[in-house]
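Okay everyone, thanks for coming.

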Amino acid sequence: MKSYTSFKKQALKNTEVKKEYKALAPQFEIIQAIISKRLKEGLTQAELAKRLGTHQSAIARLESGKVSPTVSYLNQIALAIGGSLHISID
């Protein structure tokens with residue numbers, strides 16, 4: 001069985017796969033930032049959900065990339081985990 005790293009390397013040789021991978025990069029950067037900050041603050045998904053007035057499953061869907069949150073919701077999440085939302089376009 002191939003490791004994830006070798007699979008990814010092989011898959012990204014395909015130009016269409018590489019294009020889609022790059023297109024999804026911003027979404028996954030946001031997700032990674034949320035997960036990292038949540039863990040740094042020592043919060044479980046359930047605890048974050050409680051702060052947001054939602055369910056743990058909603059946080060799980062967000063962190064898995066199955067949903068695309070609004071900017072307003074991202075701001076609520078940032079505040080709930082003791083952070084702030086910054087958006088830039090380069």
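Let's start with helix H3, which covers residues 45–52. Which residues of H3 are buried? Gln45, Leu48, Ala49 and Leu52. The arc they cover around the axis is only 100 degrees, so they end up on the same side of H3. Keep in mind, by the way, that this is a predicted model.

Gln45 is in helix H3, and its relative accessible area is 19%. The cut-off for buried is under 20%, so Gln45 at 19% counts as buried. What is Gln45 in contact with, if we leave aside its neighbours within four places in sequence? The list is Arg38, Gln56, Ile59, Ala60 and Glu63.

Hold on to two names from that list, Arg38 and Glu63, as they come back in the next part.

On to charges. As a general point, side chains of opposite charge can pair when their charged atoms come close. How many salt bridges does a search of the whole structure find? It finds two.

One of them is between the side chains of Glu63 and Arg38, at 2.7 Å from N to O. This pair ties together distant parts of the chain, with Glu63 in helix H4 and Arg38 in helix H2, 25 residues apart. Are these two buried or exposed? Glu63 counts as buried at 12% relative accessibility, and Arg38 is buried too, with a relative accessible area of 7%. So here we have a salt bridge whose Glu63 is buried and whose Arg38 is buried, and Gln45 is in contact with both of those residues.

The other salt bridge joins the side chains of Lys37 and Glu41, at 3.0 Å from N to O. Lys37 is partly exposed, with a relative accessible area of 23%. Glu41 is partly exposed as well, at 40%.

While we're on helix H2, have a look at Leu39, which is also placed there. Is Leu39 buried or exposed? Leu39 is exposed, with a relative accessible area of 54%.

The largest pocket has a volume of about 370 Å³. Its lining is made of 16 residues, and the ones nearest the centre are Ile30, Ala33, Ile34, Leu85 and His86. Which elements give two or more residues to that lining? Those are helix H2 (15–40) and helix H5 (71–80). H2 supplies the largest share, six residues.

Terms used
Residues numbered from 1 in each chain as written. Predicted model: local features only at pLDDT ≥ 70, side-chain atom pairs only at ≥ 80, totals over all residues. Heavy atoms only, no water. 1 Å grid on protein atoms, 1.4 Å probe; cavity = no way out; pocket = protein on both sides within 12 Å on 5 of 7 lines; lining within 4 Å. Points joined across faces, edges and corners; volume = space filled by probe spheres on them. Helix = DSSP H or I, 4+ residues; strand = E, 2+ residues; numbered from the N terminus. Buried < 20%, exposed > 50% of the residue type's maximum accessible area, 1.4 Å probe, protein only. Arc of directions from axis to C-beta. Salt bridge = Lys/Arg side-chain N within 4 Å of Asp/Glu carboxyl O. Contact = heavy atoms within 4.5 Å.
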